[in-house]
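User: Hi, I'm new to this one. Can you walk me through it in plain words?
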Amino acid sequence: MNPGIEHLVKAVIASLESEVLPHLDAQDKPASNVRACLMLLANIESRIALEPQCLYDDNRELRELLRAAVDDATALGIDAQSREAMLLALDRHPQPEMFYDPALAVQANRDYQELLTRIINEFPARHGNAGQFRAKLHRYLAESGKREMILAEKALGRVPI
Amino acid sequence: MISVTEQQVRDYLSQRLGTSLTIKKLKQTFPGLSRETILVFAETASGEAQDFAVRLDYPWGGSCPFSLRHEYEAYARLWKSPVPVAEPLWYDEGIDFADGRPHMVRRLVDGTMAVEGMTENSERGKQVRRRVALECAEKLALVHTLDWKAYGFDTYMEVPADPRDALRAELRAWKKRWDARRPGPFPIIDEAVCWLDETLPRDTPRLSLIKGNNGVGEEIFRDGKIVAMSDWELSAIGDGVLDLAFSQGTLTLGDFGETLRHYESCVGHKVSAERLAGGAFVTWFKMLVCAITYMAKHEYDGIDPRVTNLSFGAVLAKGIEFRLGQCIGKNLVDAWSALTNAEQSSYFREEKTA
């Protein structure tokens with residue numbers, strides 16, 4: 001029998017909570033380390049259950065946003081070389097629904113986020129002529145933050161210190 | 001878990017002080033996220049008690065943007081000022097003690113970080129908390145009205161060119177640290193900085209010495225008064241409102257309006273809502289820089305093995321990122337007002353009644 005990963009994580013959490021933590025001084029480092037481990041384990045639990053959907057949604061929205069940036073490159077002040085790099089990145093990774101390998105979805109997300117970070121930091125024209133793009137960017141960031149919070153919420157209920 | 005032995009501490013302090021000491025107890029302070037602080041309870045050959053705090057970089061360095069020397073220089077100057085601090089004795093590095101790690105030694109102050117009655121769920125507890133908040137505000141005002149130039153803080157700290165842009169200057173200084181060290185893409189944080197750079201107010205009335213890290217747990221109390229302000233590792237010259245924002249819930253222990261008015265009467269000027277909001281957002285950005293690029297990144301890079309620091313950057317930072325994500329693009333004060341109702345003192349614990 002192979003117990004599911006969720007079951008294994010729950011078992012470790014339960015053991016640390018009931019068999020280790022009560023025997024430690026709450027105001028000392030070993031207890032703090034155990035609480036930090038419990039926080040990370042709670043995060044792992046949430047990520048196992050929810051990250052695939054969050055990643056799918058994030059990648060889908062990021063592709064839309066980057067596509068909007070590529071389409072409006074001139075107004076945003078994005079030079080031709082950078083525009084080309086964005087197109088390559090969008091083509092390198094398939095549409096979100098075509099991912100079979102979670103690791104590839106993670107890599108795509110990282111690549112898209114790096115491109116978005118470049119747009120934010122390197123092309124200030126987006127502040128001026130590109131008001132529409134900026135509004136889309138802010139809407140995406142608000143939604144992205146909510147997704148990150150969904151993954152972190154359970155863990156945030158545990159504080160190491 | 002203390003990184004130096006009792007014998008090493010005894011021999012070192014005895015040699016530096018020129019008197020033979022007997023160590024009665026060593027105690028490492030908790031939590032010690034950025035540096036290791038060891039409380040040394042000792043006595044001389046004649047039985048005189050001599051207690052010290054030895055503060056060191058960890059073997060992997062400090063988890064903080066500023067050096068331990070930076071912190072020591074603040075103590076050395078403040079010791080001569082009206083701001084109460086523990087007496088700094090010396091700073092050293094590159095010697096045999098602690099394998100050459102940077103360290104500073106100061107005298108231990110008689111007092112505690114905990115304030116009796118503060119966590120009581122009673123009218124008495126409520127009054128204790130109110131007085132703690134007012135006392136902290138008063139001491140911060142003392143720091144913010146200090147003539148930092150006369151005490152030489154500008155000889156080693158950066159000074160913003162225009163007081164009105166003090167908040168922006170602080171934001172940009174920390175953005176440089178963020179750009180140099182961020183361990184991957186964080187578009188929420190980067191766009192939040194752009195938004196803040198555009199919207200921060202320009203009404204800072206004066207440049208102040210700022211403590212950078214304050215609240216209950218960072219100061220030493222005796223009989224309800226702060227007798228020593230500790231932890232100056234993030235000290236800088238800038239807008240004092242940043243200290244109001246980084247009080248770790250202490251200034252909201254009582255009624256924040258009353259505490260703020262008391263601070264204003266002590267510091268000699270009003271604090272606008274725009275400055276309060278701007279200070280809060282800049283402080284949250286600084287917390288992210290510390291948690292992600294100085295705490296968690298050291299763990300990612302295999303430098304710092306502590307899982308606690310990883311949890312700060314990998315999980316706790318997400319809560320701040322979420323808040324920023326909901327605020328970007330909005331009116332600064334409106335965004336801050338919507339969030340601050342959720343701010344609670346992180347030092348409030350319900351005390352079990354007997």
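User: What does B:Lys318 form a salt bridge with, and how far apart are the closest N and O atoms?
Analyst: B:Lys318 pairs with A:Glu148, and the closest N and O atoms are 3.6 Å apart. A salt bridge here is a side-chain nitrogen of Lys or Arg within 4 Å of a carboxyl oxygen of Asp or Glu. Keep in mind that this is a predicted model, where local features need pLDDT of at least 70, side-chain atom pairs count only at pLDDT 80 or more, and totals for chains, interfaces and linings use all residues. Residues are numbered from 1 along each chain as its sequence is written, chains are lettered from A and ligands numbered from 1 in the order in which they are written, and side-chain values use heavy atoms, with hydrogens and water left out.

User: OK. How many salt bridges does the rule find across the interface of chain A and chain B?
Analyst: Three salt bridges span that interface. Over all chains, a search of the whole structure turns up 44.

User: And how much area do chain A and chain B bury between them?
Analyst: About 3000 Å², with 68% of it on carbon and sulfur atoms. Buried area is the accessible area (1.4 Å probe) that two parts lose on being put together, summed over both. On the chain A side, A:Lys29, A:Leu141 and A:Ile161 lose the most area to chain B, together 21% of what that side buries.

User: How many residues does the contact take from each chain?
Analyst: Chain A gives 37 residues and chain B gives 36. Contact means heavy atoms within 4.5 Å.

User: Back to helices. At what angle do H7 of chain A and H9 of chain B pack?
Analyst: About 150 degrees, with the axes of H7 (residues 131–156) of chain A and H9 (residues 307–327) of chain B 8 Å apart. Helices (H or I, at least four residues) and strands (E, at least two) are DSSP runs, numbered from the N terminus. Axes are lines fitted to C-alpha atoms, for helices over the stretch in contact, and angles run from 0 to 180 degrees between N-to-C directions.

User: So are H7(A) and H9(B) roughly parallel or roughly antiparallel?
Analyst: H7(A) and H9(B) are roughly antiparallel. The cut-offs are under 35 degrees for roughly parallel, over 145 for roughly antiparallel, 65 to 115 for roughly perpendicular, and oblique for the rest.

User: Which residues make that contact?
Analyst: On H7(A) they include A:Leu141, A:Gly145, A:Glu148 and A:Met149, and on H9(B) they include B:Leu316, B:Lys318 and B:Phe322. The contact of H7(A) with H9(B) divides into nine nonpolar, four polar and three charged residues.

User: How do H7(A) and H5 of chain B cross?
Analyst: Their axes come within 10 Å and cross at roughly 130 degrees, H5 of chain B being residues 187–199. H7(A) and H5(B) are therefore oblique to each other. Among the residues in this contact are A:Arg134, A:His138 and A:Leu141 of H7(A), with B:Ile188, B:Glu191 and B:Trp195 of H5(B).

User: Inside chain A now. What does A:Arg147 meet in a salt bridge?
Analyst: The side chain of A:Asp58, at 2.7 Å from N to O. This pair links distant parts of the chain, 89 residues apart: A:Arg147 is in H7 and A:Asp58 in H2 (residues 29–71), both of chain A.

User: New topic: where is the cis peptide bond?
Analyst: It joins B:Phe30 and B:Pro31, with omega about 5 degrees. B:Pro31 sits in the loop between strand S1 (21–28) and strand S2 (36–44) of chain B.

User: And what is the phi of B:Ala98?
Analyst: Positive, about 55 degrees, although B:Ala98 is not a glycine. B:Ala98 is in the loop between strand S4 (88–92) and strand S5 (103–107) of chain B.

Conventions. Nonpolar A, V, L, I, M, F, W, Y, C, P; charged D, E, K, R; others polar.
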